[in-house]
Structure formats: structure tokens, C-alpha cells
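Hi there,

Here is the structure I promised to pass on to you. Have a look at it first, and then read on for what I found in it.

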Amino acid sequence: MQVKTLTVGQLFTNCYLVACPHTQQAAIIDPGDEAHRILSAAHAAQWKITHILLTHAHFDHIGAASALVDATAASLFLHPDDKLLFDVGGGAMLFDFPSPEVPQQVELLTEGQKLHVGEIAFQVLHTPGHSPGSVCFYAPEHRAIFVGDVLFADGIGRTDLPGGDYTTLMRSIRRLMELPDDTAVYPGHGPATTIGRERTENPWLSEND
Ligand SMILES: [Zn+2]
Ligand SMILES: [Zn+2]
């Protein structure tokens, strides 16, 4: 599995390109902005985009979705509990940002669903709390998980936006903490980390919580 990280847009969102080296097929996770940069990165690596995956529908994660669906003809995937948020442009107006155009055609994700990107198998984990339809894309054979804004290096997702809930978020994070320590964690903002590091170092996850 090959991972390229592009930090895009005004909120420095991590957009991940994840490719299967055997088939050159790839997924785009969270195309927040800068469609042209994301496309040229895929093109330079000679990857064919088969999936566009959204960890959740906040505007800083979906801004380039429409342009990339048009350019690649790949299917776009989102959890239904974030569909309302998606249809109103991901809450951009709350931050005085222009609302992105969003595609009409969306495939709805379910808890436990398997997605195959070339030979990479992703498992969908529904991890609400930051937003109602937040999901993580877990590739157990590659010891990697893409968590959106659920968990960060030394941090957790904010829960003060519409549909956010702290207790629900902590329950979701505790579920992630059951994964193997050496699982690489790719968050929606900031540096990558591991489950083991966050279990011991993350100030929000002290054992006697
Ligand atoms: Zn978010
Ligand atoms: Zn974000």
C-alpha cells in the first residue's frame, strides 16, 4: 500500500492518495480542496482513481469532491448520517466560507462494509461524535487507518459543531484504541501517528478517564 499526503485548502486538511502497488488503482480520501493538485499527484504516480472516500462531510474535507468525480468518474462514498450536512455544503457558511458545489450521486457507506481498492481491503468503521456520519477506513492487512477528524496526534475531534457529541466521540475513540498498537493513524489534520502512541501519549485518553 502506498500513501501520499497532500495538505490542502485554508484549513490545512490532509487529503490522502492510497494506492495498490500491484494494480496501480487508488483511492482519494478527503478531497478537501485543490482538485488540480490532487489530480496531478495521481497522474504523476500513474495511479487510476477508483474510489473517492469521505471520512465525513465537513466542507474542508469535501471541497474538491465534485471536480474529482467529474475528472475521474470514480464513485464517491459517504456515511448516510452526514448526508444532510453534505447537501448543505458541509457547514461552510458557519465559518463564512463559500459553500462548495457537491455531487448529486453518492454511494452510502455502512458499518462493517468492505471496500476493495485494487488488492487493498478497507473496512468501514462508523465512528460518530465529531459529526454523526464520521467513519474511519481501516486496512488491517496494512496496519493503517484513516480517521478523519475523530482522532489526532495528541488531540481529538471537536464536538461543538452541529451534530457533534463528546460522549459519543469518546466511545468511538475507545473503539479505535482496541486496534493493534502498531496501526498507523492518518488523521484529517496534522501529522500521522500510531494507535499505541496515542493510547499512551494523548492527553485526552488518560487511563483513569
Ligand atoms: Zn471535521
Ligand atoms: Zn477537518
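**What turned up**

Strand β1 (residues 2–8) and β2 run antiparallel, joined by seven bridges. Please keep in mind as you read that this is a predicted model.

Let's stay with this pair of strands for a moment. Opposite K4 stands L17 in β2. The hairpin of β1 and β2 has four residues between the strands, and there G9 takes a positive phi near 75°.

On to the next partner. β2 also pairs with strand β3 (residues 25–29), again in the antiparallel sense, over four bridges. Here Y16 stands opposite I29 in β3. Five residues lie between the strands in the hairpin of β2 and β3.

Q24, in the loop between β2 and β3, has a positive phi of about 65° although it is not a glycine. Is Q24 buried or exposed, or something in between? It has 15 C-beta neighbours inside 10 Å, so Q24 counts as partly exposed.

Now back to β2 itself. All seven of the seven residues of strand β2 (residues 13–19) are buried, so the strand is largely enclosed by the rest of the structure. In a regular strand the side chains alternate between the two faces of the sheet. Both faces of β2 are covered: one side has T13, C15, L17 and A19, the other has N14, Y16 and V18, and all of these are buried.

Helix α1 (residues 35–44) gives another picture. Which of its residues are buried? They are A35, I38 and A42. These residues cover an arc of only 70° around the axis, which means that they sit on the same side of α1. On the other side of α1, the residues H36, S40, H43 and A44 are exposed. The buried residues of α1 are covered by elements including β1, β2, β3, β4 (48–53) and α3. After α1 comes Q46, and its phi is positive, near 60°.

A73 sits in the loop between α3 (65–72) and β5 (75–78). Its phi is positive, about 65°, although A73 is not a glycine. With 9 C-beta neighbours inside 10 Å, A73 counts as exposed.

A139 has 20 C-beta neighbours inside 10 Å, so it counts as buried. Leaving out residues up to four places away in sequence, A139 touches M1, I120, A121, F122 and A144. The C-alpha atoms of A139 and A184 are separated by 9.8 Å, and these two residues are 45 residues apart along the chain.

Finally, here is the overall view. The protein has six helices and 14 strands. Its C-alpha trace spans about 50 × 40 × 30 Å along the principal axes. A compact globule with 209 residues would have a radius of gyration near 17 Å, and the protein agrees with this at 16 Å. Of the 209 residues, 46% count as buried. Among the contacts with a separation of 6 or more, 60% come from residues 24 or more positions apart.

Happy exploring, and write back with any questions!

Best wishes

Definitions and conventions. Residues are numbered from 1 along each chain as its sequence is written. Chains are lettered from A and ligands numbered from 1 in the order in which they are written. This is a predicted model: local features need pLDDT of at least 70, side-chain atom pairs count only at pLDDT 80 or more; totals for chains, interfaces and linings use all residues. A residue is buried if 20 or more other C-beta atoms lie within 10 Å of its own, exposed if 12 or fewer, and partly exposed in between; C-beta atoms are placed from the backbone. Helices (H or I, at least four residues) and strands (E, at least two) are DSSP runs, numbered from the N terminus. Two strands pair if DSSP finds at least two bridges between them. Two residues are in contact if their C-beta atoms, placed from the backbone, lie within 7 Å. The radius of gyration is taken over C-alpha atoms; the globule rule is 2.2 Å times the number of residues to the power 0.38. The arc is that of the directions from the helix axis to the C-beta atoms.
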